[in-house]
Structure formats: structure tokens, C-alpha cells
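Take a walk through the side-chain contacts of this protein chain. Keep the viewer open and follow each pair as it comes up.

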Amino acid sequence: MQSLLIVASLLICFMGCSSAGNMPDYIQVCHRNDPDLSKCLKNSVHNLRPYLAKGIKELNVPPLEPLYIGDLAILDGSAGLTVKARKLNVLGASNFEITKLRASTQNRRFDFELILPHLHGDGMYEINGNILALPIKGNGPFTGNFTNFVAYVRVQYDIKNVNDLEYLHVKDFALKIRTGKGYLKLENLFNGDKVLGDVINDTINQNFEVFTNDLIAPIARALEAKFKVITTKILENFTYSELFPV
């Protein structure tokens, strides 16, 4: 879940951090005809990590440290499980590493992969239903530590003419997550029953990858749509020539 938000910030930077005229000096400009465009974008975003940690107000990029996600409805009960998160907060998001990146202005497409070495999350949860063949019910605070989550992203865009000016438009935003290792602690399961709570927490952590794989797809679907809207709003502020000068 956390890595999806990093993806959104990265996409904003890929498409919004290339304007030579309007961007600050710490941003490395990437030209559309650069034969090493992918390498340029990767280096540009990596150089921005300390600034992303604090946030970039002029680009409407929120701070990654801490990264406040807020409320998220993860599962609606249709599959036998309801999961909601509230006041979700994440630390460690700015330590991402882009492992692969392919940019093609000719095909109007970005493909990239990034890894998040370590994340810590906390917030409030609500869960009810069955998971890993066990009943589960509770609400309260939770904490989690996550290592080596990987995000795969494909962005397809087109160029639209508005008042004789060309603008980028996100046509398709596809996102997949491969979970890594981790540890979760759900407080107040079964109204505070410590024995049952310990059993469920131990079961979740012994089967962490299975547990998170059941949740990650609906999270991805929910956030894909959200970040497409956010990115589209930001792109409306820049022309194609400003974003990718010749």
C-alpha cells in the first residue's frame, strides 16, 4: 500500500520535474530526444529524494517523511472480509530505489520498477470476517514493519491540444505490487482477548506474504484511480514543451 503512494510521487516527478524555465536548480532537466532519457529521469528522481522527504510545495507533492495516507477502505466484505484503515501514517518512504526504468516519448509510455527497503506504518484498523481459514474481528491501533516491497508501474499517455497548446494526458495507469517480508501487530482483536489476539497476530505474521497478497490487489485498484486523478490535475499546469523540452 505504501509503495503505491511512492509511485504517485515518482510519476509526478517524472512528468513535472523537467521544466527548465519554471523549476528550481536542484531539478535535473531531461530532454525528450535524449538517447539516455530513462537514465536521466532515474538520476533526476534519485537526486530529488531528500526534497521529496520534505515535500515540494510548488509541485503539490506532499512530504514522504512521514507520509500521511489517511483513511482507506481496503475490502468491502464481498469476499467474506471487511478491512478498513484510518489515520494511516508511514515512515521510510523516501528511501526508495528505482531498479528499472524505461521511458519512450515515441510510444508515449513509462515503465518502471522500484523497491522500498524498509517501511514502518501505524494507524487505526477495522477488520471483520475470515482470513487464512480463521475468523477475525477487531478494531483499534496497529503497527507494521515492511521490507523489500516492489512496485511495477506502466503509464501510457497521449498529448491533447488545448487553446493551441499541447498538454500531456494520462491515458492508462497500471500498477502491481509484489509484497516482501514484514510484521504486523493488531491491537484489541476480539475486544481485547489476549489469547485469541496473539493467535491471530502470530498466524498473520507466520503467513505474512499470503495475508498481504490477499489485500494488495484491491488496494492497488482503489489507489490507481485516485492517483490518476491527482496526476492529471498536476499535468494541467504544464505544457508538453515545458515538461519535455526538445
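The model is predicted. Keep that in mind when reading the distances.

Start with the cysteines. The structure holds one disulfide. It joins Cys 30 to Cys 40, with an S to S distance of 2.2 Å. Cys 30 sits in the loop between helix H1 (2-16) and helix H2 (37-54), while Cys 40 belongs to helix H2. The two are 10 residues apart, and the pair links distant parts of the chain. What is the handedness of the disulfide of Cys 30 and Cys 40? The torsion about the S-S bond is about -95 degrees, so the disulfide is left-handed. Now check the surroundings of each partner. Cys 30 has a relative accessible area of 0% and is buried. Cys 40 has 7% and is also buried, because buried means under 20%.

Stay with helix H2 and move to Arg 49. This residue makes a salt bridge with Glu 97, and the closest N and O atoms are 3.2 Å apart. Arg 49 lies in helix H2 and Glu 97 in strand E3 (residues 97-104), so the pair ties together parts that are 48 residues apart in sequence. Both ends have some accessible area. Arg 49 is partly exposed at 22% relative accessible area, and Glu 97 is partly exposed at 33%. Arg 49 has another contact to look at. Its charged end sits over the ring of Phe 96, 5.9 Å from the ring centre.

How many salt bridges does the structure hold? The count is six. Two of them meet at Asp 198, with Lys 185 as one partner and Lys 194 as the other. Take Lys 185 to Asp 198. The closest N and O atoms of this pair are 3.9 Å apart. Lys 185 is in strand E7 (residues 181-186) and Asp 198 in helix H3 (residues 194-206). They are 13 residues apart, and the pair links distant parts of the chain. Lys 185 is partly exposed, with a relative accessible area of 25%. Asp 198 is partly exposed too, at 27%.

Now take Lys 194 to Asp 198. Here the closest N and O atoms are 2.7 Å apart. Lys 194 and Asp 198 are four residues apart in helix H3, so about one helical turn separates them. Lys 194 is exposed, with a relative accessible area of 60%. Elsewhere, salt bridges that share partners join Arg 102, Arg 109 and Asp 111 into one network.

Next come the aromatic rings. A pair of rings is described by the distance of the centres and the angle of the planes. The structure has four aromatic pairs. One of them is Phe 146 with Phe 208, a tilted pair. Its centres are 6.1 Å apart, and the planes make an angle of 40 degrees. Why does this pair tie together separate parts of the sequence? Phe 146 lies in strand E5 (residues 134-162) and Phe 208 in helix H4 (residues 208-235), so the pair ties together parts that are 62 residues apart in sequence. Phe 146 and Phe 208 are both buried. Ring pairs also bring in Phe 149, and Phe 146, Phe 149 and Phe 208 are linked into a cluster.

Thr 179 is placed in the loop between strand E6 (165-178) and E7. Is Thr 179 buried or exposed? It is buried, with a relative accessible area of 5%. The side chains of Thr 179 and Thr 212 are joined by a polar contact of 3.5 Å.

The last stop is Arg 108. This residue is in the loop between E3 and strand E4 (109-131). Arg 108 is partly exposed, with a relative accessible area of 33%. Residues up to four places away in sequence aside, Arg 108 touches Val 155, Gln 156, Tyr 157, Asp 158 and Ile 159. Finally, compare sequence and space for Arg 108 and Leu 168. They are 60 residues apart in sequence, and their C-alpha atoms are 9.5 Å apart in space.

Technical notes
Residues are numbered from 1 along each chain as its sequence is written. This is a predicted model: local features need pLDDT of at least 70, side-chain atom pairs count only at pLDDT 80 or more; totals for chains, interfaces and linings use all residues. Side-chain values use heavy atoms; hydrogens and water are left out. Rings of Phe, Tyr and Trp (its six-membered ring) pair if their centres lie within 6.5 Å; planes under 30 degrees apart count as stacked, over 60 as edge-to-face and the rest as tilted. Buried means under 20% relative accessible area, exposed over 50%, partly exposed in between (1.4 Å probe, protein chains only). A charge sits over a ring if NZ of Lys or CZ of Arg is within 6 Å of the ring centre and within 35 degrees of the ring normal. A disulfide is a pair of cysteine sulfur atoms within 2.5 Å. A salt bridge is a side-chain nitrogen of Lys or Arg within 4 Å of a carboxyl oxygen of Asp or Glu. A polar contact is a pair of N or O atoms within 3.5 Å; within protein, one must be able to donate a hydrogen and the other to accept it, and residues adjacent in sequence count only if both atoms are side-chain atoms. Contact means heavy atoms within 4.5 Å.
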